[in-house]
Amino acid sequence: MPKVSIIVPIYNVEKYLDRCMQSLLNQTLKDIEIIMVDDKSPDNCPKLCDEYAKHDSRIKVIHKKNGGLGFARNSGIEIATGDYIAFIDSDDFVDETMFEIMYNKAQKENSEIVYCNNYVYHSESKSVTKSNAPLNYDKTFKGRDVIEEVLKNMIASSPNDSSDRKYYMSVWRGIFKKEIVDGIRFVSEREYLSEDILYQVKVLQRANTVTMINDYLYYYRENLSSLTHKYRKDRIQKSIILYEYLTNELKDIIAESNEDWSIRLLKFLYGYFRFSLFSNIAAKASIDNLKHDFNYCCNYFNTISFYSKYPVNVLPYKHKLILFLFKHNMFYCFYLLAKIAK
């Protein structure tokens, strides 16, 4: 049994694939398996996958009908045999010590999940910057702290914190004990804006021990041609679907805990609304479309009585201002603010 199964969904990444694969093939932890999932890529990736497999017995290749990132990961999970499972996006790459460090930490702390920090690789300038680290030291969470500290702060940070969340939700930051992810599958990113947070919610509710390490081991490639940087007319509706799904998924935790969970979910929604609108403005959507999206947000906030439930008075000034604009349906002021912020 390999120590770590690394699942790599592949679609239209021919120019990035070799850097990703070399960073995996040269891992200092040799006892790994690499599962390349070709999601019916239209470029030369299917052939490249088979070539990699010919030269290294640790590589398995799946060729499947196109279904998107989440379903490609699921195909990899189904054949993974490692003690731990990891997910790497094929346009990214990793430090060659990543899985040795993380696996050894998992063994030392008896952790079912280990998360690392990441760099951001800027493709145009070929420069690297550090992402904001939630912790500047290693820390292990046990028992109820996995839910009350890790999961809660992955959904959203406290209202008086200017950041949207304390801990990043991306699954590529972690390794996951296979036994706790058995039976859990990703939803489609075509249906939900974030398949990662929905997966993390299910997995973290099963975990008893989670470790975060301060090592920067993953290189996330900033890709300006990705869906995140394009106009999507369904962003707001999908944000609401995601919020309602999470609210239902966490209803038992909310019921047995305190109102802080409901407040975190409201902040989650506000963050997604703000990000979606800012993204669509950056993508140069028409004023009519943007105004429609903004009104949709305002109406939904009123529908769920957001302003009577959320402690706006404790927010940092920037967020107080933005929510003031939402509350009073001041689209053009919001639009101008977004342009200035850019």
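Which residues are exposed on the other side of α2? In this predicted model, they are K47, K54 and H55.

Helix α2 covers residues 45-55. Its buried residues are C45, C49 and Y52. Viewed down the helix axis, these buried residues fall within an arc of 65°, so they line one face of α2. K47, K54 and H55 sit on the other side and are exposed.

The buried residues of α2 have several packing partners. Two are β1 (4-10) and α1 (14-25). β2 (32-38) and β3 (59-63) are also among them.

**Helix α7 against α8**

Helix α7 spans residues 195-204. Helix α8 spans residues 235-249. Their axes come within 11 Å and cross at roughly 5°. An angle under 35 degrees counts as roughly parallel, so α7 is roughly parallel to α8.

From α7, the contact uses I197, L198, V201 and K202. From α8, it uses L242, Y245, L246 and E249. By residue class, the contact of α7 with α8 has 6 nonpolar, no polar and 2 charged residues.

**E195 in α7**

E195 belongs to helix α7. Is E195 buried or exposed? Its relative accessible area is 8%. The cut-off for buried is under 20%, so E195 is buried.

Leaving aside residues up to four places away in sequence, E195 touches L69, R73, F186, V187 and E189.

Definitions and conventions:
Residues numbered from 1 in each chain as written. Predicted model: local features only at pLDDT ≥ 70, side-chain atom pairs only at ≥ 80, totals over all residues. Heavy atoms only, no water. Helix = DSSP H or I, 4+ residues; strand = E, 2+ residues; numbered from the N terminus. Buried < 20%, exposed > 50% of the residue type's maximum accessible area, 1.4 Å probe, protein only. Contact = heavy atoms within 4.5 Å. Axes fitted to C-alpha atoms, helices over the stretch in contact; angles between N-to-C directions. Parallel < 35°, antiparallel > 145°, perpendicular 65-115°, else oblique. Nonpolar A, V, L, I, M, F, W, Y, C, P; charged D, E, K, R; others polar. Arc of directions from axis to C-beta.
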